[in-house]
Amino acid sequence: MQLDDGRDENSWPDPVDPTSDDPDQWPTGRLLFTVVRRIEHDWNAHLASWNLNHAGFPVLLHLFAGPRTQRELAALNGVTEQTMSRIVARLERAGYVTRGADPRDRRRRAVAVTDAGRRAAAEAGRLQPAEDLTARGLADDDVARLREILVTLVRAQRDDDA
């Protein structure tokens, strides 16, 4: 049955069709989600060599600046404290972090990176493999422009969170 605007009643109401198999028809959000999921999958496969994943790796990077509480780590990583507790437990089992008394507040516990954690993060986070995983199919100029756009998006999100 045809609608008043000439569309079939079973067609998508917007001009961009997120149900299409053609990425040219997808909204930006679906495009980003699809690419991010592929990168996350590839990144996890890369990190697995060090018994890491996309959740634990940035925690190690945050700990390079010094010990932090799980609450601080959760806020920095945009996850709940319960989720951070599981992430830290996994990193602790791998020998990458330790939990001990917080030097700033003896009532709290702080998480610190170990030497093994520093080495694993440094090896896993080398620039070239990461760039290769994320820039597949792009020319150097495209990568530079993509980086500009992503930095703008990250800064806008931080402004929204403030």
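1. Is Asp42 buried or exposed? Asp42 counts as buried, because its relative accessibility is 18%, where buried means under 20% relative accessible area, exposed over 50%, and partly exposed in between (1.4 Å probe, protein chains only).

2. A word on the basis of these notes. This is a predicted model, in which local features need pLDDT of at least 70 and side-chain atom pairs count only at pLDDT 80 or more, while totals for chains, interfaces and linings use all residues. Residues are numbered from 1 along each chain as its sequence is written, and side-chain values use heavy atoms, with hydrogens and water left out.

3. Overall architecture. The protein chain contains 7 helices and 3 strands, taken as DSSP runs numbered from the N terminus (helices H or I, at least four residues; strands E, at least two), and their order along the sequence is α-α-β-α-α-β-β-α-α-α. Of its 162 residues, 24% count as buried. The chain exposes about 11,300 Å², of which carbon and sulfur atoms supply 52%; accessible areas come from the Shrake-Rupley method with a 1.4 Å probe, and for residues only the protein chains shown count as cover. Among contacts (heavy atoms within 4.5 Å) between residues at least 6 apart in sequence, 42% join residues at least 24 apart.

4. The salt bridges around Asp42. With a salt bridge defined as a side-chain nitrogen of Lys or Arg within 4 Å of a carboxyl oxygen of Asp or Glu, the count comes to 6. One of them joins the side chains of Asp42 and Arg38 at 3.4 Å, N to O; because these residues are 4 apart in helix 1 (residues 28–47), about one helical turn separates them. Arg38 is partly exposed, with a relative accessible area of 28%. Asp42 also forms a salt bridge with Arg136, at 2.7 Å, N to O. Since Arg136 lies in the loop between helix 6 (127–134) and helix 7 while Asp42 lies in helix 1, this pair ties together parts that are 94 residues apart in sequence. Arg136 counts as partly exposed at 48% relative accessibility, and Arg38, Asp42 and Arg136 are thus linked in a network of salt bridges.

5. A salt bridge between helices. The side chains of Glu81 and Arg71 meet in a salt bridge of 3.0 Å, N to O. Glu81 belongs to helix 4 (residues 81–93) and Arg71 to helix 3 (residues 70–77), so the pair ties together parts that are 10 residues apart in sequence. Glu81 is partly exposed, with a relative accessible area of 40%, and Arg71 is likewise partly exposed, at 44%.

6. Packing of helix 2 on helix 3. The axes of helix 2 (residues 56–63) and helix 3 come within 10 Å and cross at roughly 115°, the axes being lines fitted to C-alpha atoms over the stretch in contact, with angles from 0 to 180 degrees between N-to-C directions. Pro58, Val59, His62 and Leu63 of helix 2 make the contact with Leu73, Leu76 and Asn77 of helix 3.

7. A nonpolar surface patch. Leu138, Leu146, Ile149, Leu150 and Leu153 form a nonpolar patch on the surface, with about 380 Å² of accessible area together; patches are made of residues with over 30% relative accessible area and no salt bridge, like charges being joined within 9 Å and nonpolar side chains (Val, Leu, Ile, Met, Phe, Trp, Tyr) within 5 Å. Leu146 lies in helix 7 (residues 140–161) and counts as partly exposed, at 33% relative accessibility.
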